Amino acid sequence: MEHPDSIRNDTDSKTLSRLVMVRTKDPELVILLNAIQTACKLISRSVRKAGIAGLYGLAGSSNTTGDDQKKLDVLSNEMFVNSLYNSHVCAILVSEENEDPIIVEPEISGKYCVAFDPLDGSSNIDCNVSTGTIFSVWLKTSEGPATVDDILRSGDEIICAGYCAYGSATELMITYGHGVERFTLDPSIGEFILTGEKMMIPEKSKTIYSINEGNYTTWDSNMQRAVDGFKFNSPPYTARYVGSMVADVHRTIMYGGIYLYPADAAKGNGKLRILYEGFPMAKIIEDAGGSASTGPFRGGIHRILDLKPESIHDKCPVIVGTTRDVERVLSHYE
């Protein structure tokens with residue numbers, strides 16, 4: 001019997017767990033993604049009731065990179081760590097909020113190495129701007145107990161990456177070898193339902209550039225010229241900058257354009273961490289048909305996924321988006 005779309009989702013719901021099992025036949029990956037989506041649902045609920053529950057404001061501490069921790073940063077991190085640690089499929093966890101890697105005890109250890117930013121964009125939380133979670137996953141390849149070397153690896157070795165956006169809807173964008181898939185949380189049943197397959201940046205993409213122009217005077221002259229080129233193009237590109245990487249990259253995938261957080265004199269190698277910001281976003285962008293580069297970094301121009309981080313909180317510049325616009329920026333360094 002044929003049903004309208006609204007009813008078809010009820011009679012044949014394409015949930016995240018179902019599709020991952022069908023496409024990979026890997027029950028351990030399903031368990032891992034169940035743990036991740038459970039944490040995302042908990043964070044989504046906490047974000048939405050933050051004002052009522054008294055979760056706005058600072059926690060009174062700072063994280064590994066010196067950012068002031070919000071109450072929701074601490075809460076979100078605990079949710080993510082506890083969900084993954086107790087899944088019995090993880091060997092090592094790296095969080096933005098923890099200075100050291102978390103080694104899962106051997107009795108409950110598994111085969112996955114996971115890096116994550118539990119609440120990206122949390123500086124915006126008090127003014128109700130979109131936030132998100134970002135994560136990347138590697139397979140443990142060494143024998144014996146996990147060590148930090150199990151996760152200090154190239155981005156090309158990532159087997160799964162994604163982000164969850166907490167906005168007008170809670171959406172999970174994920175790639176695990178079958179293209180980029182988009183899932184939307186149906187709060188009435190508590191499940192992420194497929195709403196987009198093989199997501200690609202539009203071929204006829206919008207002309208949007210996204211960068212914190214408050215840092216303009218700290219960029220090198222080539223980056224200044226590249227951004228001026230967008231601004232004074234004919235017609236000019238539209239400027240859009242939320243200040244939450246998940247929100248800005250999500251818009252870039254949906255509409256096209258470019259997102260940049262380049263190296264600057266103030267932050268040296270940029271602000272974004274390789275393992276749980278640069279790598280996962282680069283993986284998703286490339287799998288959606290775009291390009292992801294560092295721009296000038298470590299003496300050259302690098303594809304982000306080719307990097308090998310030197311420490312778990314290592315940083316890199318990020319230039320991601322349509323190949324048209326990324327190459328336009330990089331042409332200023334030729």
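Trainee: In this model, how many cavities of 30 Å³ or more are there by the counting rule?

Mentor: This is a predicted model, so the answer describes the predicted atoms. Rolling a probe the size of a water molecule over the atoms shows where empty space is left. For cavities of 30 Å³ or more, the count comes to one.

Trainee: Which element gives the largest share of the lining of the largest cavity?

Mentor: The largest cavity has a volume of about 40 Å³, and among the residues that line it are Asp 220, Met 223, Thr 294, Gly 295, Pro 296 and Tyr 333. By class, its lining has seven nonpolar, two polar and one charged residues. The largest share, three residues, comes from strand E14 (residues 291-297).

Trainee: How many residues of the contact of H3 with H4 are nonpolar, polar and charged?

Mentor: On the H3 side the contact includes Leu 32, Ala 35, Ile 36 and Thr 38, while the H4 side includes Leu 72, Leu 75, Ser 76 and Phe 80. Sorted by class, the residues of this contact of H3 with H4 come to 13 nonpolar, four polar and no charged.

Trainee: Is the crossing in which H2 passes H3 left-handed or right-handed?

Mentor: H2 and H3 pack with their axes 9 Å apart and at an angle of about 160°, and that makes H2 roughly antiparallel to H3. Residues of H2 such as Leu 16, Val 20 and Met 21 meet residues of H3 that include Pro 27, Val 30 and Leu 33. As for the crossing in which H2 passes H3, it is right-handed.

Trainee: Where does Lys 25 lie, and what is its phi?

Mentor: Lys 25 is found in the loop between helix H2 (16-24) and H3. Lys 25 is a residue other than glycine, yet its phi is positive, with a value near 55°.

Trainee: Is the peptide bond from Ser 234 to Pro 235 cis or trans?

Mentor: Pro 235 belongs to the loop between helix H5 (221-231) and strand E12 (238-239). The peptide bond that leads from Ser 234 to Pro 235 has an omega near -5°, and it is cis.

Methods:
Residues are numbered from 1 along each chain as its sequence is written. This is a predicted model: local features need pLDDT of at least 70, side-chain atom pairs count only at pLDDT 80 or more; totals for chains, interfaces and linings use all residues. Side-chain values use heavy atoms; hydrogens and water are left out. On a 1 Å grid over the protein atoms alone, a cavity is a set of points where a 1.4 Å probe fits but cannot get out, and a pocket is an open set with protein on both sides within 12 Å along at least five of seven lines; lining residues have an atom within 4 Å of a point. Grid points are joined across faces, edges and corners, and a volume is the space filled by probe spheres set on the points. Helices (H or I, at least four residues) and strands (E, at least two) are DSSP runs, numbered from the N terminus. Ala, Val, Leu, Ile, Met, Phe, Trp, Tyr, Cys and Pro count as nonpolar, Asp, Glu, Lys and Arg as charged, and the others, Gly among them, as polar. Contact means heavy atoms within 4.5 Å. Axes are lines fitted to C-alpha atoms, for helices over the stretch in contact, and angles run from 0 to 180 degrees between N-to-C directions. Angles under 35 degrees count as roughly parallel, over 145 as roughly antiparallel, 65 to 115 as roughly perpendicular and the rest as oblique. A crossing is left-handed if the near helix is turned anticlockwise from the far one by less than a right angle, and right-handed if clockwise.
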